[in-house]
Amino acid sequence: MLFNDEKLMTGQVPAEEPERQAYFMKKAAQQLREVSERKGRPLTFDVVTFGCQMNARDSEKLRGILEEIGFVKTDTEEADLVIYNTCTVRENANTKVYGRLGGLHSLKKQNPDMMIGLCGCMMQEKQVVETIRKKFGFVNFIFGTYNIYKLAEIVSESLASPKRMIVDIQEKAEASVEQLPIDRKYSFKSGVNIMYGCNNFCSYCIVPYVRGRERSRTPQEIMREIERLVADGVVEVMLLGQNVNSYGKTLPTPVSFAELLDGICEIDGLKRIRFMTSHPKDLSDELISVMAKHPDKICPHLHLPLQSGSTRILQSMNRHYTKDSYLALVDRIRAAMPDISLTTDIIVGYPGETEEDFQETLDVVRRVRYDSAFTFIYSKRSGTPAAVMEDQVPEDVIKDRFDRLLSLVQQIGREQTARFTGKTMGVLVEQINEQDASLVTGRLDNNIVVHFPGDASLIGKIVPVRLDSCHGFYYLGTRADSDALVSGT
Ligand code: SAH
Ligand code: SF4
Ligand code: F3S
């Protein structure tokens, strides 16, 4: 493929990507074969993902590279190579990783040849790498968010010197290497990165510091990737970016996200398009009309993070919208697509949040009526402007507000979810139900989960299902005739 065997023979390391990584995949494969022959068995790996969809997609890339090298995938951490792909958006994400590293240490004592790798957003923080060097000396290698494509090179180096901790962190994005192998979790749906990084610097958020500035891929590159995925059996794509609404603004020939979506709708064989995340400040009327124009392809779902309902707090958060402008945006969206599902993220206890501010958040929740909402307790991230703000809210006050918010979003979420009861809609079947093997589980185009009687032959297909009864956040249904569909495909 990308690689010329002669180079491996002569030991010449290509300087250019992706040839360089193709070289290291071959080299690591050779090194791995030697270890494997010595042990008399194949070597296994497990990649554990923390955090968001971006990390989940990155993990698919890591798995693709490891399989190409010859490691065998397993889903237990009792493996020969374990990689944690970490998140640092809230403090508890970091605590979880440190806690689980203790467990890995015990496993490594039983299997001294075990390799442990760390990557992802946490590794872009200097103090984290310091802590790992000091307290977790048994870790074999660390790399960051800008060089996951270098995994083969790092593994090869680590196989050659297993006693040394290899630390390879870049300060910013230098190369974007896309043509490497990918192991998709699902055969029928896939994430597709349309952009990397974030320029928004919301005052509480660490993401711009660990993922760097916004970089958009070209529409041609994205379209080609989706066409390849469709040819490989994918029917649903999720376009990924921290703020998809600012897609394309920095390209040599600027393109809007709405234009990109319109183009993707033309790809034959692609049935469902999702995207996340939409920043409310950049959501254009053009996007609303493109969504309304393709109700059969673009899923009727918008994840529209609110963060707070108080204009004063939103201003301090650097979100660039107000309570009123957010509500007006929701009205425009609903006017164009009355049945759309709206979901959101909300932070409770941001510095300086008063009971009045919190009441504004509850008010927006009551007015918008989200299908579901992720609610987070504010977490201080050092290096962000909010971390040094005065008026940090006491823990007991936050806890009380959090409980009140959660019960409201759950009550409204249940009522909203139930609005499709009795209808027949398309379900993309994902898997056999985990509790009851006579059922299959899938999702409506608006992302609601449905369980219904069926078997493995339905996985990856969009099947019409009558939504018989709603149980909180999911439906139980029965398969219906194809001509009974009222929505979806
Ligand atoms: N780019 C996305 C969000 C990515 S982070 C957006 O702008 O919507 C996902 C969510 O984590 C955010 O929407 C926010 O609600 C939450 N979050 C981010 N930083 C946080 C912090 N310091 N404390 C608590 N929640 C946080
Ligand atoms: Fe963080 Fe704001 Fe960027 Fe989202 S838009 S990743 S919340 S800085
Ligand atoms: Fe976490 Fe990084 Fe995503 S900090 S939320 S994994 S971009």
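**Briefing: aromatic pairs and ligand shells**

F136 is buried, with a relative accessible area of 11%. That value comes from a predicted model. The structure holds 12 aromatic pairs. It also has residue shells around ligand 1 and ligand 3.

**Aromatic pairs**
- The rings of F50 and Y84 sit with their centres 5.5 Å apart and their planes at 75 degrees, so this pair is edge-to-face.
- F50 is in the loop between β1 (44–49) and α3 (53–69), while Y84 is in strand β3 (residues 81–86), 34 residues apart.
- F50 and Y84 are both buried.
- Y98 and F136 are stacked, at 5.6 Å centre to centre with 10 degrees between the planes.
- Y98 belongs to helix α4 (residues 91–110) and F136 to the loop between α5 (126–135) and β5 (141–143), so their pair ties together parts 38 residues apart in sequence.
- Y98 is partly exposed because its relative accessible area is 23%, and the cut-off for buried is under 20%.
- One aromatic cluster is formed by Y98, F136 and F138.

**Charges over rings**
- R90 lies over the face of F376, 3.7 Å from the ring centre.
- The charged end of K189 sits over the ring of Y186, at 4.8 Å from its centre.

**Ligand 1**
- A polar side-chain atom of R90 is 2.9 Å from an oxygen atom of ligand 1.
- A polar side-chain atom of Q242 lies 2.8 Å from a nitrogen atom of ligand 1.
- Taken alone, ligand 1 exposes 540 Å², and the protein buries 89% of that.
- Its shell has seven nonpolar, four polar and four charged residues.

**Ligand 3**
- The residues around ligand 3 include C52, C87, C121 and Q242.
- By class, this shell has four nonpolar, three polar and one charged residues.

Conventions: Residues numbered from 1 in each chain as written. Chains lettered and ligands numbered in written order. Predicted model: local features only at pLDDT ≥ 70, side-chain atom pairs only at ≥ 80, totals over all residues. Heavy atoms only, no water. Polar contact = N/O pair within 3.5 Å; in protein donor to acceptor, adjacent residues only side chain to side chain. Areas by Shrake-Rupley, 256 points an atom, 1.4 Å probe, with all protein chains shown as cover. Nonpolar A, V, L, I, M, F, W, Y, C, P; charged D, E, K, R; others polar. Near = heavy atom within 4 Å. Phe/Tyr/Trp six-rings, centres within 6.5 Å; stacked < 30°, edge-to-face > 60°. Helix = DSSP H or I, 4+ residues; strand = E, 2+ residues; numbered from the N terminus. Buried < 20%, exposed > 50% of the residue type's maximum accessible area, 1.4 Å probe, protein only. Lys NZ or Arg CZ within 6 Å of the ring centre and 35° of its normal.
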